[in-house]
Amino acid sequence: MAVQPAPVTWSAEAGASLARARATAADLEAYRQDVANGKAQLWRIPGDPVSFVLTRVERDSAGHLEMVIVAGAGCNAADTIQWFTNLAKAERIPSIRAHINRPGLTRIFEQQGYTLDEWIMRARTDGQ
């Protein structure tokens, strides 16, 4: 099944979807602001259920462009990952990364040629 993401503005539907993907209220507000000021792109992917992906384009440590899949929620992960990989190639963005926390997604990314790049350690100091 081919996915057809389309750029959209922030909506309650997008916020509710991304909240199901472990985004906190603070995360959602930051995402909303980043989309509003053009620092991030929000994509709606039709389907049942509708999926949303939030991306940014940043510079890596060497100064090269890098697409970042910031957050995503919904179905068709493999097709969606492939679509964004193809978009990065078409836009001549030499790398793409995603921070994920689900083992199943790790396997899907690996099947598409992604490799583990770093481990992220986190401690919560607010009791949550």
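Reply: Before any residue is called buried or exposed, the terms are these: buried means under 20% relative accessible area, exposed means over 50%, and partly exposed is in between, with a 1.4 Å probe and protein chains only. This is a predicted model, in which local features need pLDDT of at least 70 and side-chain atom pairs count only at pLDDT 80 or more, while totals for chains, interfaces and linings use all residues. Residues are numbered from 1 along each chain as its sequence is written, and side-chain values use heavy atoms, with hydrogens and water left out.

Me: OK, how many salt bridges are there in the whole structure?
Reply: The search finds 5, taking a salt bridge as a side-chain nitrogen of Lys or Arg within 4 Å of a carboxyl oxygen of Asp or Glu.

Me: Which residue does arginine 32 pair with?
Reply: Arginine 32 meets glutamate 29 through their side chains, at 2.6 Å from N to O. Both residues sit in helix 2 (residues 25-36), 3 residues apart, or about one turn of the helix; helices (H or I, at least four residues) and strands (E, at least two) are DSSP runs numbered from the N terminus.

Me: And is arginine 32 buried, exposed or partly exposed?
Reply: Arginine 32 counts as partly exposed because its relative accessibility is 32%, and glutamate 29, at 33%, counts as partly exposed too.

Me: What about arginine 97, which glutamate does it meet at 2.5 Å?
Reply: That is glutamate 66, in a salt bridge between the side chains. Arginine 97 lies in strand 5 and glutamate 66 in strand 4 (residues 65-73), so this pair ties together parts that are 31 residues apart in sequence. Salt bridges with shared partners join Arg56, Glu58, Glu66 and Arg97 into one network. Glutamate 66 is buried, at 12% relative accessible area, whereas arginine 97 is partly exposed at 26%.

Me: Switching topic, where is threonine 55 found?
Reply: Threonine 55 is in strand 3, and with a relative accessible area of 2% it is buried.

Me: Which residues is threonine 55 in contact with, beyond its neighbours in sequence?
Reply: Leaving aside neighbours within four places in sequence, its contacts (heavy atoms within 4.5 Å) include Ala40, Trp43, Val68 and Phe84. The side chains of threonine 55 and tryptophan 43 are also joined by a polar contact of 2.9 Å.

Note on methods: Polar contact = N/O pair within 3.5 Å; in protein donor to acceptor, adjacent residues only side chain to side chain.
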